[in-house]
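Please read it alongside the sequence and the model.

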Amino acid sequence: MIVFNSRREGTADLYVLDPRSAEIRRITSDPTDELEPRWSRDGHWIYFGSNRTGRYEIWKIRAEGGEAVRITRNGGLTATESPDGRYLYYAKDANSPSSIWRVPVGGGDETLVVEGLSYSLNFVVADRGLYFIAVGDAPEKTSLDFFDYRTGKRSTLLVLGKRFWYGTALSPDQRTMLYSIVDDVGSNLMVVDGFR
């Protein structure tokens, strides 16, 4: 099953696609936006960001739909469960730079984990820690960083030195990471003959 958000009915709502049958089922119908859905580790819940309260917070809803449950109280957008299913790691907001926070899956105290996240989609939760695209004081000052759960230390794995873009992924064996950067930017000025 594939979960995604779409504005096909106006505001952004969550949908689930069954790739075998191509059937699409709508999960939410709130008049506000529901964005950045992620599956729980057991596949029973979908986490998402919604501005139902006037700002984006993390919510969860059963995979088959139903009543949404609010998780965060102080902002949140993109969330992923830890491998052991105990914590939810989430980007605070869509600003750049942002920060990654943690809250128990059942709710509770929200704790800052690390600052300098380039964008809310640019982190992955792994067995030993968090991989994320970090940004410094300029959009080109980027790096692939790692936050170790056990030591609480952050390290730079690779200096990227290019503008970040949106999205990251980690292979199932956690040996390969995909990330988006802007490699080249350009534009053209065109003249149209005979235009009135």
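The model is predicted, so local features need pLDDT of at least 70 and side-chain atom pairs count only at pLDDT 80 or more, while totals for chains, interfaces and linings use all residues. Residues are numbered from 1 along each chain as its sequence is written, and side-chain values use heavy atoms, with hydrogens and water left out.

**Salt bridges**

- Side chains of opposite charge can pair when their charged atoms come close.
- A salt bridge is counted when a side-chain nitrogen of Lys or Arg is within 4 Å of a carboxyl oxygen of Asp or Glu.
- The search of the whole structure returns 13 salt bridges.
- Asp 183 pairs with Lys 162, with 2.3 Å between the closest N and O atoms.
- This pair links distant parts of the chain, 21 residues apart: Asp 183 is in the segment after strand E17 (177-181), and Lys 162 is in the loop between strand E15 (154-159) and strand E16 (164-170).
- Strands (E, at least two residues) and helices (H or I, at least four) are DSSP runs, numbered from the N terminus.
- Asp 183 is exposed at 58% relative accessibility, whereas Lys 162 is partly exposed at 31%.
- Glu 9, Asp 13 and Arg 26 belong to one network, joined by salt bridges that share partners.

- Asp 145 and Arg 154 form a salt bridge with an N to O distance of 2.9 Å.
- Asp 145 is buried, its relative accessible area being 2%, and Arg 154 is partly exposed at 39%.
- Asp 18 and Arg 20 also form a salt bridge, their closest N and O atoms lying 3.2 Å apart.
- Asp 18 is buried at 15% relative accessible area, while Arg 20 is exposed at 75%.

**Thr 168**

- Thr 168 is part of strand E16 and is buried, at 18% relative accessibility.
- A polar contact is a pair of N or O atoms within 3.5 Å; within protein, one must be able to donate a hydrogen and the other to accept it, and residues adjacent in sequence count only if both atoms are side-chain atoms.
- The Thr 168 side chain is 3.2 Å from the backbone oxygen of Leu 121.
- A polar atom of the Thr 168 side chain lies 3.3 Å from the backbone nitrogen of Phe 123.
- Leaving aside residues up to four places away in sequence, Thr 168 has contacts (heavy atoms within 4.5 Å) with residues including Asn 122, Val 124, Ile 133, Met 177, Leu 178 and Tyr 179.

Key:
Buried means under 20% relative accessible area, exposed over 50%, partly exposed in between (1.4 Å probe, protein chains only).
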